[in-house]
Amino acid sequence: MTLAKPAFPAPDHDHGRCTADALAHAEAVCQQRAQKFTPIRRHVLAALLSSHRPLGAYEVIDELAKSMARPAPITVYRALDFLMANGLVHRIESRNAYLACAAHDHDATSAVAFLICERCGLVGEISSASFANDINVAARSSGFAPKLSVVEITGVCTHCQKAA
């Protein structure tokens, strides 16, 4: 498998550009699907984009409260549901947290793997067409109609390995 870009951003990457690109992508997706990218949805996505670490819903609320009136939990959960339904956010089940989607080139039948660093907490996202195909073929042979497959892999990221 050849990755188009590294799974983990370099510590000195241009995070402003990274965030701006993700927000522009979200706008384009919503416009293409005739969905409303409301201010609260934008703010929730921006909060998730504030780092490359997954955030729980209440951490998102805390992040939003730094720059606006503290939103109600139901408001944030609704925004998260919308963002997940449109492939802009993923839920990291093992962490009960959410992560802005870093790989914008997978579809509903892709297999996405999250690489979760046990040291720094960063989460990288990779996808593999061959892995997705193998999973989808196995699922279909059982009479199952697969959608997005998610795998969570814990370990140590490249940056933490170099720092050790």
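Predicted model: local features only at pLDDT ≥ 70, side-chain atom pairs only at ≥ 80, totals over all residues.
Residues are numbered from 1 along each chain as its sequence is written, and side-chain values use heavy atoms, leaving out hydrogens and water.

Strands (E, at least two residues) and helices (H or I, at least four) are DSSP runs numbered from the N terminus. Two strands count as paired if DSSP finds at least two bridges between them. Here are two such pairs:

| Strand | Partner | Bridges | Direction |
|---|---|---|---|
| β1 (residues 89-92) | β2 | four | antiparallel |
| β3 (residues 111-117) | β5 | seven | parallel |

In the hairpin of β1 and β2, four residues lie between the strands, and N96 takes a positive phi near 50°. In a regular strand, side chains alternate between the two faces of the sheet. Along β2 (residues 97-100), A97 and L99 point one way while Y98 and A100 point the other, and all are buried (under 20% relative accessible area with a 1.4 Å probe, protein chains only; exposed is over 50%, partly exposed in between).

Now for the open sheet: its three strands follow the order β4-β3-β5, with mixed pairing. Because β4 (123-127) and β5 (149-155) stand at the edges with a single partner strand each, one side of each has no neighbour in the sheet. From one strand to the next, the twist averages 25°. Within this sheet, A113 has V151 in β5 as its bridge partner.

Helix α5 (residues 129-141) lies across β3, β4 and β5, running at about 120° to β3. Contact means heavy atoms within 4.5 Å, and angles run from 0 to 180 degrees between N-to-C directions of axes fitted to C-alpha atoms, for helices over the stretch in contact.
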